[in-house]
Amino acid sequence: QVQLVESGGGLVQAGDSLRLSCAASGLTFSSLTMGWFRQTPGNEHEFVVSIAWNGGWVYYADSVKGRFTGSRDNAKNTAYLQMNNLKPEDTAVYYCAADRRTSYSGTYDATDKNEYNYWGQGTQVTVLS
């Protein structure tokens with residue numbers, strides 16, 4: 001049974017930091033491309049960051065570049081999202097997602113939620129102004 005479990009969300013002030021974790025089980029974690037998405041009420045999932053299966057590349061949405069850092073520890077079967085200098089517009093439910101992919105064609109789109117096979121339950125991040 002595949003499980004992705006996010007943790008680390010919370011209520012913070014603008015300018016604060018949070019680190020989200022995504023623990024994976026039921027899969028060989030090192031064979032997964034990992035992504036983080038976020039969603040606000042009434043909106044679609046918004047891409048945040050994607051991390052190659054071996055950490056060889058990390059791709060960010062423009063809105064979080066320079067503030068957020070995606071990483072993974074394959075020995076711990078865990079992906080991370082370090083969020084610094086949080087802004088009220090970062091308020092959302094944050095989801096981790098996994099794609100069973102270790103090679104990337106020219107048409108691969110890491111920002112496309114449909115590329116991801118498995119999703120966590122989400123963790124709420126609220127940033128107060």
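Predicted model: local features only at pLDDT ≥ 70, side-chain atom pairs only at ≥ 80, totals over all residues.
I started at Tyr 108, which is buried, with a relative accessible area of 14% (buried means under 20%, exposed over 50%, partly exposed in between, with a 1.4 Å probe and protein chains only).

Residues are numbered from 1 along each chain as its sequence is written, and side-chain values use heavy atoms, with hydrogens and water left out.

Next I looked up the rings and found 8 aromatic pairs in the structure (Phe, Tyr and Trp rings, the six-membered one for Trp, with centres within 6.5 Å; planes under 30 degrees apart are stacked, over 60 edge-to-face, the rest tilted). Trp 57 and Tyr 104 have ring centres 5.0 Å apart and planes at 70°, so I logged the pair as edge-to-face. Trp 57 sits in the loop between strand 5 (46-51) and strand 6 (58-60), and Tyr 104 in the loop between strand 9 (92-99) and strand 10 (118-119), so the pair ties together parts 47 residues apart in sequence (strands are DSSP runs of E, at least two residues, numbered from the N terminus). Tyr 104 counts as partly exposed at 27% relative accessibility. Its ring and that of Tyr 108 have centres 5.1 Å apart and planes at 45°, so this pair is tilted.

I also noted one aromatic cluster, formed by Phe 37, Phe 47, Tyr 59, Tyr 95, Tyr 116 and Trp 119.

Last, I checked Arg 72: its charged end sits over the ring of Phe 29, 4.5 Å from the centre (CZ of Arg or NZ of Lys within 6 Å of the ring centre and within 35 degrees of the ring normal).

Key. Helix = DSSP H or I, 4+ residues; strand = E, 2+ residues; numbered from the N terminus.
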